[in-house]
Amino acid sequence: MPKELLLQVSPEIAANTALLQEHLSKQIKVGVDDIQHIAIVKRSIDARQKAIKVNLKVVIYLQGETFQESSIALPDYPNVTNKQEVIVIGAGPAGLFAALQLIELGLKPIVVERGKDVRGRRRDLKAINRDHIVNEDSNYCFGEGGAGTYSDGKLYTRSKKRGDVTRILELLVAFGATPDILVEAHPHIGTNKLPQIIQDIREKIIECGGQVMFETRVTDILIKNNEVQGVVTQNGDTISANKMILATGHSARDIFEMLDRKKVLIEAKPFALGVRAEHPQSLIDSIQYSCDYRGEHLPPAPYSIVKQVGGRGMYSFCMCPGGVIAPCATSPGEVVTNGWSPSKRDQATANSGIVIELKLEDFKPFEKFGALAGMEFQKSIEQKAWHLAGQTQRVPAQRMIDFTQNKVSASIPPTSYVPGTTSVEMGQVFPGFLSQILREGFTEFGKSMKGYLTNDAILHAPESRTSSPVRIPRDGISLEHLQIKGLYPCGEGAGYAGGIISAAIDGEKCALKIAESLNL
Ligand code: FAD
């Protein structure tokens, strides 16, 4: 019987098969050559002590024991060309995984996406970075693969249902992601690898008879007797179907406005907001790994920090080791930050959103907007930041200690944020209570992570698209909208997911509920 073992080894041993084999042979008292294969099934880094260890779960196959290289195959997707059609609005993780699941269940997805395909999108990302031009349909949030395509591709989630998470990870591997994501405690894919995976998913949908329409923005949802009939696109075309998954993400403000106008029930939802902090990666490594140099066997260190400040949670969000800060605005006249990293996370800086939990009562003076109050509050901060930084895609920036001392920074060094920065006192960007919490919070962070509070860290503002400012409420069992039959609010935009994996899981869930409603 192959032997399963939990062990702690040095990063050097964990990274070298021959050394690991030698280590294990001593541990289980067999000759090195008696070991046929070592399968690593879980890997995590334990940086709590000075001597950093790697936790491994391994299965050891001795000579003579049956070992088969496992490969993960795609499900047997049927051809759905002539099957019942379901409209999927949005080709983010929620929409794409909903489409795959619909096919598996024998339904035909018609995916309608306002943005361009992954390759076409690249030109628009260049334009926002270099020329400060924001294409309202094609940017870091909109386009094939959704907000997750040009991201860090972190694939961890707080979802407790391991089975659901594993299924999505396995599908990603079957579509070309590295099998390492099944092993790592904190898997990620990276911006350079995600586009091909997304493209392969799209090609599979089309090969099976599904449809994927790019540069097709949904402008209206047709509803009759409280039941969906189809959608209207920006060209005035109508696509008919009485089942529809609405997975347009947290930045589709026009969708929220359209629903509000049509008196389809939506609700204001609290979200979190703050800044994106950038440190030298070497500094984060030295804090997290308690060393001067992390060496060649440890990955660029991530961090995760949360504090209660002034009665609110202030926490790191979407931390990108070895990453780059991206301009994530979806309309002209606003600036928004977020972060991405390549699969190797080999950039010189580490960035993270540092955000504060908001409450519904914070959305003053926007109460008049009702369900859109949070969205208007968010928009007002993004627009103010745009004004303060010079009305381009430059963002307000300040050194961290200067911020805590209310001092405009005399200079801002170049950061990874390509459009550039303008030295601004951050207190001008946010309402007073938020600035105060951020100031206190950074001081607190500095006490837990020695070296974190430094003027070598540059704050960029705002980090405002952390989750949806609106919920599109649905029934907890059928997942249909509370009032509109056939409408399935889905993913992050509807307020039911946060992050790539949970959005993908929610997409699958909505597809399953549609099949259930059709007795499939
Ligand atoms: P989205 O991905 O937002 O997709 C919605 C889609 O709907 C978009 O493609 C949009 O173009 C389309 N759409 C919108 N309106 C319309 C319309 N009217 N008609 C047709 N189509 C429309 N999450 C992680 O888990 N890990 C990370 O490392 C990570 N990094 C990120 C980095 C960046 C730069 C950004 C912006 C986000 C990152 N996220 C990350 C968040 C993650 O991308 C989202 O949580 C996830 O993509 C949400 O999936 P979704 O399908 O619900 O919505």
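Two strands count as paired here if DSSP finds at least two bridges between them, and the strands (E, at least two residues) and helices (H or I, at least four) are themselves DSSP runs, numbered from the N terminus. With that in hand, select residues 218–224 and 227–233: these are strands β7 and β8, which run antiparallel and are joined by six bridges.

Before going on, a word on what is on your screen. This is a predicted model, in which local features need pLDDT of at least 70, side-chain atom pairs count only at pLDDT 80 or more, and totals for chains, interfaces and linings use all residues. Residues are numbered from 1 along each chain as its sequence is written.

**Stay with β7 and β8**

Look across the pair: Ile 223 stands opposite Val 228 in β8. Then move to the turn. The hairpin of β7 and β8 has two residues between the strands, and Asn 225 takes a positive phi near 50°.

Four residues lie between β8 and β9 in their hairpin, where Gly 236 in the turn shows a positive phi of about 90°.

Show the three strands together and you have an open antiparallel sheet in the order β7-β8-β9. β7 and β9 are at the edges with a single partner strand each, so one side of each has no neighbour in the sheet. From one strand to the next, the twist averages 25° (axes are lines fitted to C-alpha atoms, for helices over the stretch in contact, and angles between N-to-C directions run from 0 to 180 degrees).

**Zoom out**

Show the whole protein chain, with its twelve helices and 22 strands. Its C-alpha atoms fill a box of roughly 75 × 65 × 40 Å along the principal axes. Buried residues account for 47% of the 520 residues; a residue is buried if 20 or more other C-beta atoms, placed from the backbone, lie within 10 Å of its own, exposed if 12 or fewer, and partly exposed in between.

Colour by confidence next. The average pLDDT, the predictor's confidence in each residue from 0 to 100, is 96 for the protein chain, and 100% of the residues score at least 70. For the complex, the predictor gives an ipTM of 0.99 and a pTM of 0.97.

Then colour by domain. The assignment, which is automatic or from a database, gives domain 1 (3–62), domain 2 (85–267 + 472–517) and domain 3 (272–463). The centres of domain 1 and domain 2, taken over C-alpha atoms, are separated by 40 Å.

Select residues 3–9 and 53–62. Strands β1 and β3 run antiparallel here, joined by seven bridges, with Lys 3 opposite Ile 60 in β3. Ser 44 stands opposite Asn 55 in β3, and a hairpin leads from β2 to β3 through six residues.

**The parallel sheet**

Which strands make up the open sheet with parallel pairing? Its five strands follow the order β6-β5-β4-β10-β22. At the edges are β6 (211–213) and β22 (487–489), each with a single partner strand, so one side of each lacks a neighbour in the sheet. The twist averages 15° from one strand to the next.

Pick out β5 (residues 108–112): it pairs with β6 in the parallel sense over three bridges, and Ile 110 stands opposite Gln 211 in β6. Next, show helix α3 (residues 93–104), which lies across β4 (85–89), β5 and β10 (244–246) and runs at about 165° to β5. Contact here means that C-beta atoms, placed from the backbone, lie within 7 Å.

**Backbone stops**

Most residues other than glycine have a negative phi, and most peptide bonds are trans. Four places are worth a click with that in mind.

- Glu 215, in the loop between β6 and β7, has a positive phi near 50°. It counts as partly exposed because it has 16 C-beta neighbours inside 10 Å.
- Lys 263, in the loop between α7 (253–261) and β11 (267–268), has a positive phi of about 65°. With 9 C-beta neighbours inside 10 Å, Lys 263 counts as exposed.
- Lys 364 and Pro 365 are joined by a cis peptide bond with omega of about 0°. Pro 365 sits in the loop between β17 (349–357) and α9 (373–388).
- Ala 461 and Pro 462 are also joined by a cis peptide bond, with omega of about -5°. Pro 462 is in strand β20 (residues 458–463).

Definitions and conventions
Contact = placed C-beta atoms within 7 Å.
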